[in-house]
Amino acid sequence: MPRAVVFDLDYTLAVPTRDRETILREAVDAAGAPPLTREEYLEVHGQHLTRESREPIFADLLAGRDTDADPAAVATAYRETIAEALEPLPGVESLLAALRTEYRVGLLTNGPVRAQRDKLETLGWEDAFDAALVTGELEAGKPDPRAFEAIAAELDVDPADAVYVGDDAEADVAGATNAGMTAVQVLLEDGPDPDPRAVAHVEQRELATALPAVLSELE
C-alpha cells in the first residue's frame with residue numbers, strides 16, 4: 001500500500017500558456033542575446049541539474065558567440081518569462097490537498113534552485129507539499145536514484161512505499177523505477193508512447209480525476 005505520492009512539476013502539475021520555444025525567444029530578445037533553439041537549451045540544461053540558477057546554462061550557450069549579452073540577465077529574463085506564463089493543470093490543486101489527507105505528498109523537480117523555487121512561489125505552492133525538492137539543491141538530478149532517495153527521506157518513507165508521477169520516460173519513469181518506486185506516467189498530447197515500465201498511464205488533462213483511481217488500485 002503506498003504511503004507517499006511524489007510529483008514531477010513541469011508538464012505534470014503545471015504547464016506554460018505558450019510553448020517553450022516562444023518563451024525562450026522572448027527571453028533572449030528581452031536580454032539582447034542572439035537566437036537560441038529549444039534543442040540547444042535542453043542539451044545544455046541536462047548538464048546543469050544541480051545548479052543554483054540558469055546562469056551557467058546561458059554562459060555555456062553564449063560562449064563563443066558574437067554577443068555582449070550577460071548570461072545572468074538572460075537567465076533572469078527566462079525565469080521571469082516562464083513564471084508569467086505558468087499555470088496549474090485543471091484540478092491539481094484540489095488533488096494535492098485531497099491526497100494529503102491520505103498520503104505523504106512530495107515534489108521532486110529537475111532544475112536550478114532559483115528557477116524551480118520561483119515557479120512554486122508564482123503558483124502559490126510553497127506549502128502545497130509535505131516536502132518539495134529541487135535537484136539544484138541535491139548531489140544529483142533525475143534519473144539518478146539519489147534524487148528519488150532524497151525525496152523519500154524527506155517524506156520519511158521507504159522508496160518502495162512511494163508512487164512517483166511524471167511525464168518523462170527516462171527522468172521520471174525509469175528514474176523512479178530504478179530507485180524502487182512505483183511509477184505512473186503522465187501522457188502528453190503528441191508526446192511519446194506509454195512506457196511499459198510505468199504501472200499506469202494517465203492523460204495530462206485528466207490527471208486530477210484519473211490519479212485517485214490509479215492509487216486506489218495500488219492499495
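Analyst: In this predicted model, the buried residues of helix α9 are Leu207, Ala208, Leu211, Val214 and Leu215. Viewed down the axis of α9, these buried residues fall within an arc of 120 degrees, so they line one face of the helix. The face turned away from that buried side carries Thr209 and Glu217, which are exposed. As to its dimensions, α9 has twelve residues, and from its first C-alpha to its last it reaches 16 Å, close to the 16 Å expected at 1.5 Å a residue.

The surroundings of the buried face come next. The buried residues of α9 pack against strands β1 (4-7), β6 (162-166), β7 (182-187) and β8 (200-203), and also against helix α5.

Two packed helices are described by the angle between their axes and the distance between the axes. For α5 (residues 92-99) and α9 (residues 207-218), the axes come within 9 Å and cross at roughly 25 degrees. Angles under 35 degrees count as roughly parallel, and α5 and α9 are therefore roughly parallel to each other. On the α5 side, the contact is made by Val92, Leu95 and Leu99, and on the α9 side by Leu207, Ala208, Leu211, Pro212 and Leu215. By class, the contact of α5 with α9 comprises eight nonpolar residues, with no polar and no charged ones.

Leucine 207 belongs to helix α9, and its relative accessible area of 1% makes it buried, since the cut-off for burial is under 20%. Setting aside neighbours within four places in sequence, leucine 207 is in contact with Thr12, Leu13, Val92, Leu95, Val165, Val186, Val202 and Pro212. Proline 112 is 95 residues away from leucine 207 along the chain, and the C-alpha atoms of the two are separated by 26 Å.

Alanine 200 lies in β8 and counts as buried at 15% relative accessibility. Apart from residues up to four places away in sequence, alanine 200 touches Ala183, Val184, Gln185 and Val214. Val214 is one of the buried residues of α9. Alanine 200 and alanine 83 are 117 residues apart in sequence, with 30 Å between their C-alpha atoms.

Glutamate 217, on the face of α9 turned away from its buried side, is 133 residues from glutamate 84 in sequence and 37 Å from it in space, C-alpha to C-alpha. Glutamate 84 lies in helix α4 (residues 71-85) and is exposed, with a relative accessible area of 56%.

In helix α3 (residues 55-62), the buried residues are Ile57, Phe58, Leu61 and Leu62. Seen down the axis of α3, they fall within an arc of 120 degrees, so they line one face of that helix. The elements that cover the buried residues of α3 include α1 (20-30), α2 (38-45) and α4. Just after α3, glycine 64 takes a positive phi of about 85 degrees. In helix α6 (residues 113-123), Val113, Ala115, Gln116, Asp118, Lys119, Leu120 and Leu123 are buried.

Tyrosine 11 has phi near 70 degrees and sits in the loop between β1 and β2 (14-16). At 24% relative accessibility, tyrosine 11 counts as partly exposed. Aspartate 156 has phi near 60 degrees and is found in the loop between α7 and β6. Aspartate 156 is exposed, with a relative accessible area of 61%.

The bond from lysine 142 to proline 143 is cis, with omega near 15 degrees. Proline 143 is placed in the loop between β5 (131-134) and α7 (145-155).

Note on methods:
Residues numbered from 1 in each chain as written. Predicted model: local features only at pLDDT ≥ 70, side-chain atom pairs only at ≥ 80, totals over all residues. Heavy atoms only, no water. Axes fitted to C-alpha atoms, helices over the stretch in contact; angles between N-to-C directions. Helix = DSSP H or I, 4+ residues; strand = E, 2+ residues; numbered from the N terminus. Parallel < 35°, antiparallel > 145°, perpendicular 65-115°, else oblique. Contact = heavy atoms within 4.5 Å. Nonpolar A, V, L, I, M, F, W, Y, C, P; charged D, E, K, R; others polar. Expected span 1.5 Å × (residues − 1). Buried < 20%, exposed > 50% of the residue type's maximum accessible area, 1.4 Å probe, protein only. Arc of directions from axis to C-beta.
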